[in-house]
Amino acid sequence: MEELFKARKEKLNLFKSIRNKMQDKKRIDVPDGLYTKCDSCGESILSEDLKESYYVCPKCGAHLKMRAYTRLNLLYDGGKYKELYKSIKSNDPLMFPGYKEKLVKLEETTNLDEAVVCATGRIDGRKVVVCVMDSRFLMGSMSGAVGEKITRAIEHATKRKCPIIIFTTSGGARMQEGIISLMQMAKTSAALAKHHEAGLLYISYITHPTTGGVTASFAMLGDIIIGEPKALIGFAGPRVIESTIKQKLPEGFQRTEFMQDQGFIDMIVERSKMRETIIKLLKMHSRGAQ
């Protein structure tokens with residue numbers, strides 16, 4: 001009887017081996033990065049097609065996250081610009097456990113030095129300073145280094161009498177830096193006040209999601225505030241608010257469409273029209289070619 005069971009087991013293992021080999025022959029290996037999954041509808045999209053559509057899902061129209069350098073390449077004339085303050089990095093001022101190691105790993109995986117990239121160049125021939133936040137680096141959280149880079153970029157634009165555009169995406173203040181992170185709200189706002197006093201243009205361009213201390217400071221201080229479709233904008237998130245007030249929030253609460261209806265932002269612009277819209281605004285507020 002034992003030999004019979006043993007023989008049956010061997011046949012079963014042989015059958016499984018043959019079946020697995022047949023399945024392997026039918027399986028098609030898909031190279032990494034060939035497809036990208038939409039965060040909104042779950043559709044798998046050819047990465048090359050997604051790039052051509054400015055990282056907007058062709059099925060549901062969701063504006064997927066765009067990398068900082070990609071946006072700068074699309075925005076500046078010929079994709080040419082000079083990056084500013086690349087050497088400014090977070091240095092773990094509070095010696096938060098595991099923070100320094102996390103920063104090193106993020107630099108390697110994202111090819112970013114921090115959660116914002118600042119640059120200067122020309123858009124339609126006009127000198128413009130641009131800051132773009134990137135959510136791949138600790139959810140675009142605002143560290144001391146992020147605040148310092150943005151403040152210096154604003155001061156750079158003020159000194160050279162040119163407009164500044166800041167693209168925001170952030171989870172808020174970076175908890176690993178405590179009060180040092182929160183101080184950046186006042187610092188960036190003070191720099192923008194001087195920029196405004198100089199009679200210069202500041203365009204705030206809000207992308208998904210923009211929350212916390214970034215919303216409570218420079219994101220909502222623009223002379224013109226633009227939002228991408230369905231981007232989340234708020235201080236606390238909808239779930240936190242609902243659990244606090246014990247009430248159901250309106251449909252689309254804190255999305256750009258809702259915020260525009262309430263008068264918090266000026267316009268909603270689809271990504272494919274980003275550059276042409278900015279060019280029109282720069283022309284409207286220009287004192288002549290620079």
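A bit of housekeeping before the tour. Residues are numbered from 1 along each chain as its sequence is written, and side-chain values use heavy atoms, with hydrogens and water left out. As the model is predicted, local features need pLDDT of at least 70 and side-chain atom pairs count only at pLDDT 80 or more, while totals for chains, interfaces and linings use all residues.

**The cysteine site**

An unreviewed UniProt entry places a "binding site" at C38, C41, C57 and C60; UniProt positions are given in the numbering used here, feature names are shortened, and annotations may be inferred rather than shown by experiment. The four span 23 residues in sequence, yet no two of their C-alpha atoms are more than 8.8 Å apart, so they gather at one spot. From this set, C60 is part of the lining of the largest pocket. (A pocket is an open set of points on a 1 Å grid over the protein atoms alone, where a 1.4 Å probe fits, with protein on both sides within 12 Å along at least five of seven lines; lining residues have an atom within 4 Å of a point.)

C38 sits in the loop between β1 (35-37) and β2 (44-46). Helices (H or I, at least four residues) and strands (E, at least two) are DSSP runs, numbered from the N terminus. C57 is in the loop between α2 (47-52) and α3 (68-75). Are these cysteines buried or exposed? C38 is buried, at 3% relative accessible area, and C57 is buried at 3% too. Buried means under 20% relative accessible area, exposed over 50%, and partly exposed in between (1.4 Å probe, protein chains only).

Contact means heavy atoms within 4.5 Å. Leaving aside neighbours within four places in sequence, C38 touches E43, I45, C57, C60, A62 and L64.

**Salt bridges**

Side chains of opposite charge can pair when their charged atoms come close. The whole structure has 14 salt bridges, each being a side-chain nitrogen of Lys or Arg within 4 Å of a carboxyl oxygen of Asp or Glu. Here are some of them.

| Pair | N to O distance | Relative accessible area |
|---|---|---|
| E43 and K59 | 3.5 Å | E43 32%, K59 58% |
| E107 and K89 | 3.4 Å | E107 26%, K89 39% |
| E148 and K187 | 2.7 Å | E148 24%, K187 29% |

Take E43 and K59, which form a salt bridge. E43 is in the loop between β1 and β2 and K59 in the loop between α2 and α3, so the pair ties together parts that are 16 residues apart in sequence.

E107 and K89 also meet in a salt bridge. E107 lies in helix α4 (residues 99-110) and K89 in the loop between β3 (81-84) and α4, so this pair joins parts 18 residues apart in sequence.

Then there is the bridge between E148 and K187. It links helix α5 (residues 144-159) with helix α6 (residues 178-197), the two residues being 39 residues apart. Salt bridges with shared partners also join K86, K89, E107 and D113 into one network.

**A buried strand**

Last stop: strand β8 (residues 224-227). In a regular strand the side chains alternate between the two faces of the sheet. Both faces of β8 are covered, with I224 and I226 buried on one side and I225 and G227 buried on the other.

Strands pair if DSSP finds at least two bridges between them. Strand β7 (residues 202-210) runs parallel to β8 and is joined to it by 4 bridges, with I203 opposite I224. Strand β9 (residues 267-268) is also parallel to β8, through 2 bridges, and there G227 stands opposite I268.
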